[in-house]
Amino acid sequence: MFAAYSAGMLLAAAMAVSSPSMGQAVEAPKLASGDTWRYRTTDQWSGRAKSESMFTVVGVMGEYVRMEVETRTFATNGQPTLNAPFEMTSRANLDTVHMANGKPSTRINFAWPLFPGKRWNYEYAVSVPGSTLVTTFRMAAEVTGWEDVSTSAGKLKTLKVVHTGTADAGAGMGASKTSWTSWYAPEVKNYVRYQMEVTGPDGAPGLRESSELMTVRVQP
């Protein structure tokens with residue numbers, strides 16, 4: 001899910017449907033066929049909905065999961081457009097693999113197991129569409145603690161994970177500051193809220209958007 005829509009949304013530990021205690025480390029989710037999440041993405045500049053996306057697991061094979069994705073986007077006047085559904089293969093541990101100049105690199109969304117205070121660093125590269133440029137992200141992540149989050153899908157106990165770093169497109173363009181925060185709920189095997197902010201090399205605020213879980217159906 002992260003891959004498809006945040007720069008592509010993304011997939012966001014579930015040892016069981018019951019939530020773990022606050023002192024317990026959270027392991028990677030065990031996704032199952034039929035697990036379904038629906039998210040709404042909102043532009044924080046205008047407050048308007050940009051899209052709604054539903055992700056459904058159609059199969060699991062080792063460290064990979066096959067997803068069906070159904071999306072509708074909203075014009076500035078609120079008019080919805082339903083896009084054709086498609087399938088994609090993602091990492092079952094919710095990592096996102098990017099390709100740049102034929103080389104893979106991994107965005108480590110969650111470094112399992114998760115627990116308050118855990119930190120990790122990572123670097124990945126993304127090709128800029130329509131050019132030969134490559135943007136390199138250098139990020140530091142930290143699990144800052146447990147938080148209760150209220151969504152349309154209900155009130156859920158989550159681990160807040162904050163990623164901060166830079167995005168450097170090279171060619172003398174300067175590095176932007178970028179950050180995203182995920183609230184991961186073991187009960188739903190995924191993130192329930194996601195916020196992204198980008199600040200340009202000149203200090204001007206850029207992209208500001210958030211995604212929130214609307215509905216969920218998962219297997220124990």
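Me: What makes strand 1 and strand 2 a pair?
Reply: The two strands run antiparallel and are joined by 7 bridges. Strands pair if DSSP finds at least two bridges between them, so the 7 bridges here meet the criterion. A strand is itself a DSSP run of E with at least two residues, numbered from the N terminus. The model is predicted, so local features need pLDDT of at least 70 and side-chain atom pairs count only at pLDDT 80 or more, while totals for chains, interfaces and linings use all residues. Residues are numbered from 1 along each chain as its sequence is written, and side-chain values use heavy atoms, with hydrogens and water left out.

Me: What joins strand 1 to strand 13?
Reply: Strand 1 is joined to strand 13 (residues 205–217) by 8 bridges, and the two run antiparallel. Within this pairing, Thr-41 stands opposite Ser-211 in strand 13.

Me: Which side chains make a polar contact with the side chain of Glu-52?
Reply: A polar contact is a pair of N or O atoms within 3.5 Å; within protein, one must be able to donate a hydrogen and the other to accept it, and residues adjacent in sequence count only if both atoms are side-chain atoms. The side chain of Glu-52 reaches that of Arg-38 at 3.2 Å and that of Arg-40 at 2.3 Å; both pairs therefore qualify.

Me: What makes the pair of Tyr-39 and Phe-55 edge-to-face, stacked or tilted?
Reply: Rings of Phe, Tyr and Trp (its six-membered ring) pair if their centres lie within 6.5 Å; planes under 30 degrees apart count as stacked, over 60 as edge-to-face and the rest as tilted. For Tyr-39 and Phe-55 the centres are 6.2 Å apart and the planes are at 70°, so the pair is edge-to-face. Tyr-39 lies in strand 1 and Phe-55 in strand 2, 16 residues apart. Tyr-39, at 2% relative accessibility, counts as buried, as does Phe-55 at 0%.

Technical notes
Helix = DSSP H or I, 4+ residues; strand = E, 2+ residues; numbered from the N terminus. Buried < 20%, exposed > 50% of the residue type's maximum accessible area, 1.4 Å probe, protein only.
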